[in-house]
Amino acid sequence: MDKTMYAIEVEKLTKIYGKGETAVTAIADATLQVKPGELVALLGPSGSGKTTLLTSIGLINEPTHGKVVIDGTMVADEGWLGGLDLKRLRREKLGFIFQHHNLIPFLSALENVMVALEINHLSRPEAKKRATDLLESLNLGHRIESYPKALSGGEAQRVAIARALANKPRVILADEPTAALDTENGKNVMTLLKTLAVENQSAVLVVTHDHRMVEGFDRIFQVRDGRIVS
Ligand SMILES: Nc1ncnc2c1ncn2[C@@H]1O[C@H](COP(=O)(O)OP(=O)(O)O)[C@@H](O)[C@H]1O
Ligand SMILES: [Mg+2]
């Protein structure tokens, strides 16, 4: 199979926390692939291993066994591959969205998004233009000068999404992005992720245990006790 066909490829990924008697197998033998432009869910109860799988794909949490390939680059094969600049790969290929927005409290909405762009070497005027356009497209044009504490939960989450998407990453990883939102804001966030997946041809992998949000996904993987069961 053509290796470049998938944005995310995971083969027999296992993550074991700790050693010996206290070892916890959080993910066992997980295999999945996500194509560019696809919106895929990891659905399962609390403690089933969803966050572990997402952070193992996201170059945050070293897999114990198995392979991870991101946008054609093998990053893990029985642990991280040697010689990789994980930070740089994270910055260039991945966008993260968390349950709680993680915005920088002393920067405005605009500056929070600009930071992500400037880290990837956009000039300040270019970063400002792109961040403004993005925030406007997320209906936050009136909020660009606001600080995180002045934003509603839905607004803050949309700013965090703008920041994660600023560099048009090939892969977007979202951990319960709608959990802190009401149904309407949650639906808006899902619609937005779907649109962006298609427009930017990003692979979007969303962890959720929110059954209200399952519409709109191209595929759903069910996770139970560390295993992908369907
Ligand atoms: N850093 C860690 N150290 C030890 N055990 C962990 C750690 N993170 C998660 N676990 C355990 O791994 C299992 C899966 O957790 P997690 O991936 O957070 O599941 P979910 O996101 O589905 O709620 C749980 O049993 C949890 O207690
Ligand atoms: Mg979790």
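**Close-up views of a predicted protein model**

**View 1. Ala 41 stands opposite Ile 220 in strand E9.** The model is predicted: local features require a pLDDT of at least 70, side-chain atom pairs count only at pLDDT 80 or more, and totals for chains, interfaces and linings use all residues. Residues are numbered from 1 along each chain as its sequence is written, while chains are lettered from A and ligands numbered from 1 in the order in which they are written. Strand E3 (residues 39–43) and strand E9 (residues 219–224) pair in the parallel sense over four bridges. Two strands pair if DSSP finds at least two bridges between them. Helices (H or I, at least four residues) and strands (E, at least two) are DSSP runs, numbered from the N terminus.

**View 2. An open sheet of six strands has the order E6-E7-E8-E3-E9-E10.** The pairing in this sheet is mixed. E6 and strand E10 (227–228) stand at the edges with a single partner strand each, so one side of each lacks a neighbour in the sheet. Helix H1 packs on the sheet and touches E3, E7, strand E8 (203–208) and E9; here contact requires C-beta atoms, placed from the backbone, within 7 Å. The direction of H1 makes about 155° with that of E8. Axes are lines fitted to C-alpha atoms, for helices over the stretch in contact, and angles run from 0 to 180 degrees between N-to-C directions.

**View 3. Strand E6 (residues 94–97) has buried residues pointing both ways.** Leu 94 and Phe 96 point one way, Gly 95 and Ile 97 the other, and all are buried. A residue is buried if 20 or more other C-beta atoms, placed from the backbone, lie within 10 Å of its own, exposed if 12 or fewer, and partly exposed in between. Four bridges join E6 to strand E7 (residues 171–175), and the two run parallel. In this pairing, Leu 94 stands opposite Val 171 in E7.

**View 4. Ligand 1 is surrounded by residues that include Tyr 17, Gly 18, Val 24 and Lys 50.** A residue belongs to this shell if its C-beta atom, placed from the backbone, lies within 6 Å of the ligand. Strand E2 (24–34) and helix H1 (50–57) are the elements that give two or more residues to the shell. H1 gives the most, with three residues. The shell divides into three nonpolar, eight polar and one charged residue. Ala, Val, Leu, Ile, Met, Phe, Trp, Tyr, Cys and Pro count as nonpolar, Asp, Glu, Lys and Arg as charged, and the others, Gly among them, as polar.

Definitions and conventions: Contact = placed C-beta atoms within 7 Å.
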